[in-house]
Amino acid sequence: MPIKKAAYKHLRQTKGRTVKNSLIKQDLKKFAKVAVKSVNAGNKEQIAEYKKNAQKMFAKAAKARIIKKNTAARRTSRLMKKINKALSV
C-alpha cells in the first residue's frame with residue numbers, strides 16, 4: 001500500500017481508469033463479435049449499421065489511448081473487409 005497521500009490518490013485514479021478502460025475494451029470486443037455474427041447471417045440492414053459505427057468506435061478508443069492506434073487500424077481493417085465482402089455478395 002502507498003504511504004503518501006498523493007500515491008494513494010494515484011492508486012485510486014488508476015483503479016478507476018482501469019475499470020473504465022476495460023469496460024470500453026469489452027464493448028469493442030462484443031461489437032466486433034456481433035458484427036461478424038450478422039455478417040455470417042447475411043443481414044444486410046444490420047451490416048450497414050455496423051459499417052457506419054465500426055470505424056467510429058475503434059478510432060475513439062485509439063484516440064483515448066485505450067487501445068493502440070495500429071490495433072484499432074488492424075481490427076477496423078479486418079472487420080471492414082468482412083463487411084464489404086458480405087455487402088458485395
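Lys82 is found in helix α3, and it makes a handy way into this predicted model. With a relative accessible area of 43%, Lys82 is partly exposed. Setting aside residues up to four places away in sequence, Lys82 touches Val36 and Val39. The C-alpha atoms of Lys82 and Val39 are separated by 7.2 Å, although the two residues sit 43 residues apart along the chain.

Helix α1 covers residues 5–41, and at 1.5 Å a residue its 37 residues should span 54 Å. Just after α1 comes Gly42, with a positive phi of about 85 degrees.

Which residues of α1 are buried? They are Leu28, Phe31, Ala35, Ser38 and Val39. Their cover includes α2 (44–63) and α3 (69–88).

Here is how the helices pair up:

| Helix pair | Packing angle | Axis separation |
|---|---|---|
| α1 and α3 | about 20 degrees | 10 Å |
| α2 and α3 | about 170 degrees | 9 Å |
| α1 and α2 | about 155 degrees | 10 Å |

Let's start with α1 and α3, which pack at an angle of about 20 degrees. An angle under 35 degrees counts as roughly parallel, so α1 is roughly parallel to α3. The way α1 passes α3 is a left-handed crossing. On the α1 side, the contact uses Leu28, Phe31, Ala32, Ala35, Val36 and Val39. On the α3 side, the residues are Arg75, Leu79, Lys82, Ile83 and Ala86. Sorted by class, the contact of α1 with α3 has nine nonpolar residues, two charged and no polar ones.

Next, α1 and α2, at about 155 degrees. That angle makes α1 roughly antiparallel to α2. The crossing of this pair is left-handed. From α1, the contact takes in Asp27, Leu28, Phe31, Val34, Ala35, Ser38 and Val39. From α2 come Gln46, Ile47, Tyr50, Asn53, Ala54, Met57, Phe58 and Ala61.

Ser38 lies in helix α1 and has a relative accessible area of 5%. Anything under 20% counts as buried, so Ser38 is buried. What does Ser38 contact, leaving aside its neighbours within four places in sequence? The partners are Asn43, Gln46, Ile47 and Tyr50.

That leaves α2 and α3. With an angle of about 170 degrees between them, these two helices are roughly antiparallel to each other. In α2, the residues that meet α3 are Lys44, Ile47, Tyr50, Lys51, Ala54, Gln55, Phe58 and Ala62. The α3 residues they meet are Lys69, Ala72, Arg75, Thr76, Leu79, Met80, Ile83, Asn84, Ala86 and Leu87. The contact of α2 with α3 counts 11 nonpolar, three polar and four charged residues.

Finally, take Thr76, which is found in helix α3. Is Thr76 buried or exposed? Thr76 is buried, because its relative accessible area is 12%. Not counting residues up to four places away in sequence, Thr76 touches Gln55 and Phe58.

Key. Residues are numbered from 1 along each chain as its sequence is written. This is a predicted model: local features need pLDDT of at least 70, side-chain atom pairs count only at pLDDT 80 or more; totals for chains, interfaces and linings use all residues. Side-chain values use heavy atoms; hydrogens and water are left out. Helices (H or I, at least four residues) and strands (E, at least two) are DSSP runs, numbered from the N terminus. The expected span of a helix is 1.5 Å times one less than its number of residues. Buried means under 20% relative accessible area, exposed over 50%, partly exposed in between (1.4 Å probe, protein chains only). Contact means heavy atoms within 4.5 Å. Axes are lines fitted to C-alpha atoms, for helices over the stretch in contact, and angles run from 0 to 180 degrees between N-to-C directions. Angles under 35 degrees count as roughly parallel, over 145 as roughly antiparallel, 65 to 115 as roughly perpendicular and the rest as oblique. A crossing is left-handed if the near helix is turned anticlockwise from the far one by less than a right angle, and right-handed if clockwise. Ala, Val, Leu, Ile, Met, Phe, Trp, Tyr, Cys and Pro count as nonpolar, Asp, Glu, Lys and Arg as charged, and the others, Gly among them, as polar.
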